[in-house]
Amino acid sequence: RGMRPAFAPGTPGKALYSDTNFQVLQLVIESLDGRLYAESVQTRIAKPLGLDQTFVFEESSLDRYPDIAGILSGAAPFEAPHAMASFQADGGAVSTAPDALRFLRSFVRGELFPAADLGEITSTWRRVMMPLTYGTGIMRFSVPRYMTLKAVPEMIGHSGASGTLLYYVPSKDVYLVGALNQLAKRSMPYRAASELLGAI
């Protein structure tokens, strides 16, 4: 309560990324839905879309930790299953590339919510850190032409601290889905995405 805000809510062009906001949203979902967040994800998203290999990693999933792809910090394995179980709504989903692609297509095509809502959540972009801007719960990766040798088209979606990419490229109708599982080299997924798009 004693912390001063970085800026007033709704300030044009301003955004501040906060994992805590996703944790608060998880509590809101659990309160409104009357069940655990992981159960809501299974009931409302995974089952309807047929995402058989997707689940929220939580304390009850700790025995599955050896079965998921390992995360690295540089060359060293990052072993923190209990920390990962605490993330949940702010990055604790486990999935496969085919499931993630199905989710992203459903998100973009209006199978999860009315397609018109996508226009609303992407209507205003706020600067977070170059070259990322934020809509409402969605990222835009857009590199100015003067910073690249080849033009890189705009991508919308989301990415994560462990090198996860989940982006749609509207100008090319291309989906980029993958995970590098690398904590130390934060720019690596974006370089890979830019090179892939440059080759298309």
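Contact here means heavy atoms within 4.5 Å. This is a predicted model, where local features need pLDDT of at least 70, side-chain atom pairs count only at pLDDT 80 or more, and totals for chains, interfaces and linings use all residues. Residues are numbered from 1 along each chain as its sequence is written, and side-chain values use heavy atoms, with hydrogens and water left out.

**View 1. Helix α4 and its cover.** Helices (H or I, at least four residues) and strands (E, at least two) are DSSP runs, numbered from the N terminus. α4 takes in residues 97–109 and reaches 18 Å from first C-alpha to last, close to the expected 18 Å (1.5 Å times one less than its number of residues). D99, A100, L104, S106, F107 and V108 are buried, that is, under 20% relative accessible area with a 1.4 Å probe, protein chains only. Their cover includes α2, α5, β9 and β10. Just past the helix, G110 has a positive phi of about 80°.

**View 2. Where α1 meets α2.** The two axes (lines fitted to C-alpha atoms over the stretch in contact, with angles from 0 to 180 degrees between N-to-C directions) come within 9 Å and cross at roughly 70°. So α1 sits roughly perpendicular to α2 (65 to 115 degrees). From α1, Q26, I29, E30 and D33 meet Y37, S40 and R44 of α2.

**View 3. Strand β8 between its partners.** In β8, 4 of 5 residues are buried. Strands pair if DSSP finds at least two bridges between them; β7 and β8 do so antiparallel over 3 bridges, with F141 partnering M155. On to β9: 4 antiparallel bridges join β8 to this strand, and H158 stands opposite L166.

Definitions and conventions: Buried < 20%, exposed > 50% of the residue type's maximum accessible area, 1.4 Å probe, protein only. Parallel < 35°, antiparallel > 145°, perpendicular 65-115°, else oblique.
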